[in-house]
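I opened my notebook for a friendly look through this one. Here is what I looked up, in the order I went.

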Amino acid sequence: MFFAGFAFQTLGQSLSSVPNTAFITTLNVLLVPLIERIFLHRHIDKKVYLACVLALLGTAILSFSESISLHLGDLYLLLCALFFALQIIFNEKCGKHNDVMSITCIQLYTMGILSFLFMPITKQTYLPSQSWL
């Protein structure tokens, strides 16, 4: 889920605008309680829904200062938001019963390995010569 979220975000960013990328990616804030309510049948407090609407409005105000336009990459960004929402739900469930540091290490190693394996597909056939570290 973590890799899929970042992969769809990267692809979506390349095919969309910066404001759309910011706005659509933050839809995961709204998707988490909706997924929990619809599929996990959890009771979600009304305050959470209000907070989601306010977060959505705030992000829209910050993102769309001029006009709104749809791009092909927006669909990928919706998938990105969905996978990030699923990742948040997964982390919450696993974090209750497992060591959080172990989960984090597994996720980061998995992310690194999958990213390395997908390098030829994305035509990124070399490792960067300089690191930001």
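My entries cover the nonpolar core and then the salt bridges.

I am working with a predicted model. I began with the largest nonpolar core and found 6 residues: Phe 23, Ile 24, Leu 27, Phe 64, Leu 77 and Ala 81. Two helices, α2 (18–25) and α5 (73–97), each give at least two residues to this core.

**Leu 77.** I then picked this core member and asked what Leu 77 is in contact with, leaving aside neighbours within four places in sequence. My list reads Phe 8, Gln 9, Gly 12, Gln 13, Ser 16, Asn 20, Thr 21, Ile 24 and Thr 25.

**Salt bridges.** How many salt bridges does a search of the whole structure find? I got 3.

- Arg 42 pairs with Glu 36, with the closest N and O atoms 2.8 Å apart. I noted Glu 36 as buried, at 11% relative accessibility, and Arg 42 as partly exposed, at 23%.
- Arg 42 also meets Glu 92, at 3.0 Å from N to O. This pair links distant parts of the chain, 50 residues apart: Arg 42 sits in the loop between α3 (28–39) and α4 (46–63), and Glu 92 in helix α5.
- Glu 92 in turn bridges to Lys 96, with 3.4 Å between the closest N and O atoms. Both lie in helix α5, 4 residues apart, or about one turn of the helix.

Is Lys 96 buried or exposed? Lys 96 counts as exposed because its relative accessibility is 57%, over the 50% cut-off. Glu 92 comes out partly exposed, at 30%.

**Last entry.** I joined the pairs up: Glu 36, Arg 42, Glu 92 and Lys 96 are linked in a network of salt bridges.

Definitions and conventions:
Residues are numbered from 1 along each chain as its sequence is written. This is a predicted model: local features need pLDDT of at least 70, side-chain atom pairs count only at pLDDT 80 or more; totals for chains, interfaces and linings use all residues. Side-chain values use heavy atoms; hydrogens and water are left out. A nonpolar core is a set of buried Ala, Val, Leu, Ile, Met, Phe, Trp, Tyr and Cys residues joined through side-chain atoms within 4.5 Å. Buried means under 20% relative accessible area, exposed over 50%, partly exposed in between (1.4 Å probe, protein chains only). Contact means heavy atoms within 4.5 Å. A salt bridge is a side-chain nitrogen of Lys or Arg within 4 Å of a carboxyl oxygen of Asp or Glu.
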